[in-house]
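The questions below ask for the value behind each term.

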Amino acid sequence: MAAAVKTSGGFCNTQQQWLHSTRDLFLHGSTHSNAKECKSKKAKKPISLRVKATSTKVELDFNDPSWKQNFQEDWDNRFNLPRITDIYDLKPRPTTFSLKKQRTPTGDEDSTPMDMWNGYVNNDDRALMKVIKYSSPTSAGAECIDPDCSWVEQWVHRAGPRKDIYYEPNEVKAAIVTCGGLCPGLNDVIRQVVFTLETYGVKNIVGIPFGFRGFFEKGLKEMPLSRNLVENINLAGGSFLGVSRGGAKTSEIVDSIQARRIDMLFVLGGNGTHAGANAIHDECRKRKLKVSVVAVPKTIDNDIPLMDKTFGFDTAVEEAQRAINSAYIEARSAYHGIGLVKLMGRSSGFIAMHASLSSGQVDVCLIPEVSFALDGEYGVLQHLEQLIKNKGFCVVCVAEAAGQELLQNSGATDASGNTILSDIGVHMQQKIKMHFKGIGVHADIKYIDPTYMVRACRANASDAILCTVLGQNAVHGAFAGFSGITSCICNTHYVYLPVTQVITAPKRVNHKGRMWHRCLTSTGQPDFR
Ligand SMILES: Nc1ncnc2c1ncn2[C@@H]1O[C@H](COP(=O)(O)OP(=O)(O)O)[C@@H](O)[C@H]1O
Ligand SMILES: O=P(O)(O)OC[C@H]1O[C@](O)(COP(=O)(O)O)[C@@H](O)[C@@H]1O
Ligand SMILES: [Mg+2]
C-alpha cells in the first residue's frame, strides 16, 4: 500500500545545521516519503522544500520582515487537526464524560467559581513545541529556522476531553487494532481505551485481531472488549489482540470498516502503522464515512519524530540495561573478557545510546547515526585492544542498524516493506575474534542479543503512566471529532498531532546534540574514523 503522506511544505536553508529538528523532520531520508528535495540557493534567499510532488511549495525569504508570520501560518496549517466536521455539517452535543463526580480538594484556594470551572480542554488550548531559544546555530543541538536562529513560536494542539462531543456514545462502535512489532505497554493502552470509551457510555467495543490483517483475513474474528475482560491485561507483556506486519490494503480495510459499521478506530503502532492510519483516514474521507481514526505511537525504537518519546521505549531501555549488565559481569569475570550486546533500533540508535548511558557499564557505543571503522589505526578493534591492555576487559553496545555500510545487504524487506538489516552483532563478534587471534592476544568474547526479550516485557511504571494518558486522550480526541491524529507527548505536554506530520521521516539521534556527547563522555570512546 502506498503511503498517503499529505504533508504540505516545510522549510530548509543552505546551512543544514540551522535546522536540526526541522531537518529531522524534513531533510532526513524517509522510508515513507522519498520524493523530497531541498533546493538551496544563496544564504538568506528563498529556499523551497518539496515533500511530495503534489504538496504545497512554501518559500521563505528571511529578508522579508513577515517571514516569521509566513512560517507560523504554514506551521499552523500543517498542525491544524483534521476534523470530521471538515466534511460534515454536524452539531455537537454536551459530553457524557463527566468530571463532576470529582470533588474539589479540601482547602482548594482556586478562585474560579465551581460553576465556571469545568475541567475540560478548550479547542483553542495550545502547547509550545520548542522551548529553547538558541542564540546561535552553533549552540549544541541548535534547532534553528533562520540564520540568526530567531525565536519563533511553534504551537500544537492540547489533548484531552472536550466539553462538546460529536458522537452519541450509545450508537458508537469502536475498534482497537495493534500493528507492527511488539512493544511494552500495548495492553496498557488497549485497557485505557476500553475504560475511557465505557466512561463515555460506549458499549460496542471490539478488538481487531493480529493488526491490519484482522480486517480482511478470513477466519479472524473481532473480539468484543469490556472493562471486565481487559482489567488485568496490563499485567502481561505482548498484545492481548495480537500483532502483525504487512498485508495492509487500504481499500479492503476501509471496506471492512464500513461493513462492520465502525465509527472510531484506535490504531496502536509505529511509523508504518501511522502511515497506514493516515491512508485509512484519507480513504474514509474520500468515501465520506463518519469515522474517527486516532493513532497512539508505539515503538521501542523511539523513532517517531516530534514527540518526546513513544510508549515502550523507557521499558525497553530498562530491559536492555539488564543485558548490558550481564555482558559486563561476564566480561569482568573472564580473563580478557569482551562483552558485546546488540540492541534494537531499525533506523535509530536511541535504545543503544540510552541503555549505554543508564547502565554506565559500556566502553563503546555504536549507533547508525555515527559512522565508524572497525579496522585501522582509529578503528574500534584497535580501541578494544587498548582497553584489554589497560583495563583487562570491556563492554561494547551496538545498535542493530549501526555499521550497515560495512556489511553486505541482501536488499530483502519484511512483510511491511521494512529493510531487513544485516547482523552487525554477529559480524562484530567474528571480527573481534579474528583480530585478537591475529595479534596473538587471548580474548574471551561473549555476545548477547536480547532482541525479543527487550520488547516482550510488561511496561514499567513510567510507560504505564504514559500509556494511560495517551490511551485516554486518544478516546477524547475521537469524541471531539478529530480524525487522522496521533495522541502523544511533546515537550512534556500531552498533545494531538496530525498523523501527516509524524510520518515524514524516522527520528534519529542528533549526533551534534548534548545527549550523544554525554554518551561519549560516559563511555570515554574516541572517534572511530
Ligand atoms: N506506508 C504505509 N502505508 C500503509 N500502511 C503501511 C505502510 N507501511 C506499513 N504499513 C502497514 O502498517 C503495519 C505496521 O507496519 P510496520 O512497519 O510493520 O510496523 P510499525 O508500525 O511498528 O512501524 C503493517 O500492517 C504494514 O503493512
Ligand atoms: O523481528 P520483527 O518482529 O520483524 O521486528 C524487528 C524490528 O522490530 C522493532 O523492534 C521495532 O519495530 P516496529 O516499531 O516497527 O514495530 C525493531 O527494533 C526491529 O528492527
Ligand atoms: Mg516501524
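Contact means heavy atoms within 4.5 Å. Helices (H or I, at least four residues) and strands (E, at least two) are DSSP runs, numbered from the N terminus. This is a predicted model, in which local features need pLDDT of at least 70, side-chain atom pairs count only at pLDDT 80 or more, and totals for chains, interfaces and linings use all residues. Residues are numbered from 1 along each chain as its sequence is written, chains are lettered from A and ligands numbered from 1 in the order in which they are written, and side-chain values use heavy atoms, with hydrogens and water left out.

Q: What covers the buried residues of H5?
A: The cover includes strand S8 (173-178), strand S9 (204-208), strand S11 (264-269) and helix H6 (271-286).

Q: Which residues of helix H5 (residues 250-260) are buried?
A: Buried means under 20% relative accessible area, exposed over 50%, partly exposed in between (1.4 Å probe, protein chains only). In H5 the buried residues are Thr-250, Ile-253, Val-254, Ser-256, Ile-257 and Arg-260.

Q: Why are the buried residues of H5 said to line one face of the helix?
A: Viewed down the axis of H5, they fall within an arc of 155°, so they line one face. The arc is taken from the directions from the helix axis to the C-beta atoms.

Q: Why is Asn-187 called buried?
A: Its relative accessibility is 4%, so Asn-187 counts as buried. Asn-187 sits in helix H3 (residues 186-200).

Q: What makes the pair of Asn-187 and Phe-240 a polar contact?
A: A polar contact is a pair of N or O atoms within 3.5 Å; within protein, one must be able to donate a hydrogen and the other to accept it, and residues adjacent in sequence count only if both atoms are side-chain atoms. Here a polar atom of the Asn-187 side chain lies 2.6 Å from the backbone nitrogen of Phe-240.

Q: Why does His-383 count as buried?
A: The relative accessibility of His-383 is 16%, so His-383 counts as buried. His-383 belongs to helix H9 (residues 380-390), and beyond four places in sequence it touches Asp-363, Val-364, Gln-525, Pro-526 and Phe-528.
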